[in-house]
Amino acid sequence: MQGFGDQIFQVESCESGLEIQKVGNVELDDDGKPKRTGNVWTASAHIITAIIGSGVLSLAWGVAQLGWIAGVATLVIFSGITLYTSSLLTDCYRSPVTGKRNYTYKEVVKNNLGQEMYMACAAVQYVNLTGMVIGYTITASISMAAIQKSDCFHSKGHDVSCSVSHNPYMIGLGILEIFLSQIPNFHKLSLLSVVAAVMSFAYSSIGIGLALARVISGRGGRTTLTGVEIGVGITAAEKIWRVFRAFGDIAFAYTYSQILVEIQDTLKASPPENQVMKKASLVAVSTTTAFYMMCGCFGYAAFGNDAPGNLLTGFGFYEPFWLVDMANACIVLHLIGAYQVFAQPIYSVVELWATRKWPKSVLVTGEYSISICKKQSLMFSVNLLRLIWRSSFVIFATFVALLMPFFNDVLALLGALGYWPLTVYFPIEMYIAKNRIERWTRRWLGLQLINSVCLLVAVAAACGSIQGLNKALKTYEPFKVMD
């Protein structure tokens, strides 16, 4: 689609070739961009797609490391902190004096905290988003391989070694994501996010149902108030490292602030975006917390201190195999959508930079809507820069995923890297700067207490995940077939 002023033209493909047609005027928002149409439900779908991801599957393992008291408390505390700091962040979408929109997280930081914080935020945000994409590639391939292994166990028995390589699944997922990456922006992702959100509810419900059925049948595992006990097979040091990694896993499960501003930018101007976004955050975080409590607690009750690192792919459940397969298929479909939600800010930053640098380049700004034989339902948009850049990024992410398929440790590291700076530190510091809260006042001390506690948790989680990754790397052989 090629724009001239406020008019849109499209290039159509048929037997006679391509032709350009004017299709009408575009309704614009107050900032000159196409009118936003998002609402509380589309925003909630985006958030749920981002939050209820692969992290939910590790919660039973996390609760097992922490025990009933600390495990449940950690889930509730992280939920409350995430909801509170996200409400602080939503108020920064528009500048207080001019009302100007801030389209990205890093723009919000720049306008409230200055250039140096802007650079730091950009580095953390894009490293974290890239890590999320790589982590989702790993997790989706594990779920796809789990379907093949589940069928093998069902036909040959649970004691048979059903070895499966994850690599073909990662490559196949990468090819699919190359096509999906051509979706231009967040505004066009609503349907994909809704489907992904439904899938997340589906596999979470299946996991909860299977765990609950195991408990009701009397086959639940042994649980304790303090979690996994020190003794045979686990030393005091290993217990501490596991607790740290569990903090990281739970933090990862609540991470979505790095794309909150981009989601908020999809909302209609009326009612005010910050009010709508707060409602969407409340709906999404409350819903996910309820699912997290059920997944973590029922999973721990079902397997006890031997809870697997991944509730559905760690083969705590073998039967009914078709239901386990369905759950893993839902995971894959969800992560396919979540991949694009987290990748969009990475895509847009390079494309916006290129557009500003080469505004007259056809390769950079040429946008074409191609429809086959004039059927609008078969129309899709093509831009050469988008095709080259996004395909290259997906290939890079897939290659890195092929080199390091470690589930729990990767989740813990991503949680540690992203949760504190993006979910806690920057929103709190912007709130303090925006409202000119004086040092050493009661409110300032309360905010800094939240900041400090979350920093300590993040450092502990990072140390635990690095120790776990180091341990896994000593025995890992790249491209080896996995059991």
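Is Glu273 buried or exposed? Glu273 is buried, at a relative accessible area of 3%, where buried means under 20% relative accessible area, exposed over 50%, and partly exposed in between (1.4 Å probe, protein chains only). The close-ups below come back to this residue.

A note before the views: this is a predicted model, in which local features need pLDDT of at least 70 and side-chain atom pairs count only at pLDDT 80 or more, while totals for chains, interfaces and linings use all residues. Residues are numbered from 1 along each chain as its sequence is written, and side-chain values use heavy atoms, with hydrogens and water left out.

View 1. A salt bridge here is a side-chain nitrogen of Lys or Arg within 4 Å of a carboxyl oxygen of Asp or Glu. Between Arg94 and Glu273, the closest N and O atoms are 2.8 Å apart. This pair links distant parts of the chain, 179 residues apart, with Arg94 in the loop between helix H2 (59-90) and helix H3 (105-113) and Glu273 in helix H9. Helices (H or I, at least four residues) and strands (E, at least two) are DSSP runs, numbered from the N terminus. Arg101 also forms a salt bridge with Glu273, and there the closest N and O atoms are 3.1 Å apart. Because Arg101 lies in the loop between H2 and H3 and Glu273 in helix H9, the pair ties together parts that are 172 residues apart in sequence. Arg101 is buried, with a relative accessible area of 2%, while Arg94 counts as partly exposed at 22%.

**View 2. Asp265 and Arg36 meet through their side chains in a salt bridge (3.1 Å, N to O).** Asp265 sits in the loop between helix H8 (260-264) and helix H9 (273-303), and Arg36 in the loop between strand S3 (17-25) and helix H1 (40-51), so the pair ties together parts 229 residues apart in sequence. Both Asp265 and Arg36 are buried. In total, the structure holds eight salt bridges.

**View 3. Thr130 lies in helix H4 (residues 115-156).** Look for its side chain, which reaches the backbone oxygen of Tyr126 at 2.7 Å. Not counting residues up to four places away in sequence, Thr130 touches Ile346, Phe393 and Phe396, a contact being heavy atoms within 4.5 Å. Ile346 is 216 residues from Thr130 along the chain, yet their C-alpha atoms are separated by 7.8 Å. Thr130 counts as buried because its relative accessible area is 17%.

View 4. Gln125 counts as buried, at 0% relative accessibility. With neighbours within four places in sequence left aside, Gln125 is in contact with Tyr105, Lys106, Gln258, Glu262 and Leu422.

**View 5. Ser204 has its place in helix H6 (residues 190-216).** Ser204 is buried, with a relative accessible area of 1%. Which residues does Ser204 contact, leaving aside its neighbours within four places in sequence? They are Ile52, Val56, Phe291 and Cys295.

Note on methods: Polar contact = N/O pair within 3.5 Å; in protein donor to acceptor, adjacent residues only side chain to side chain.
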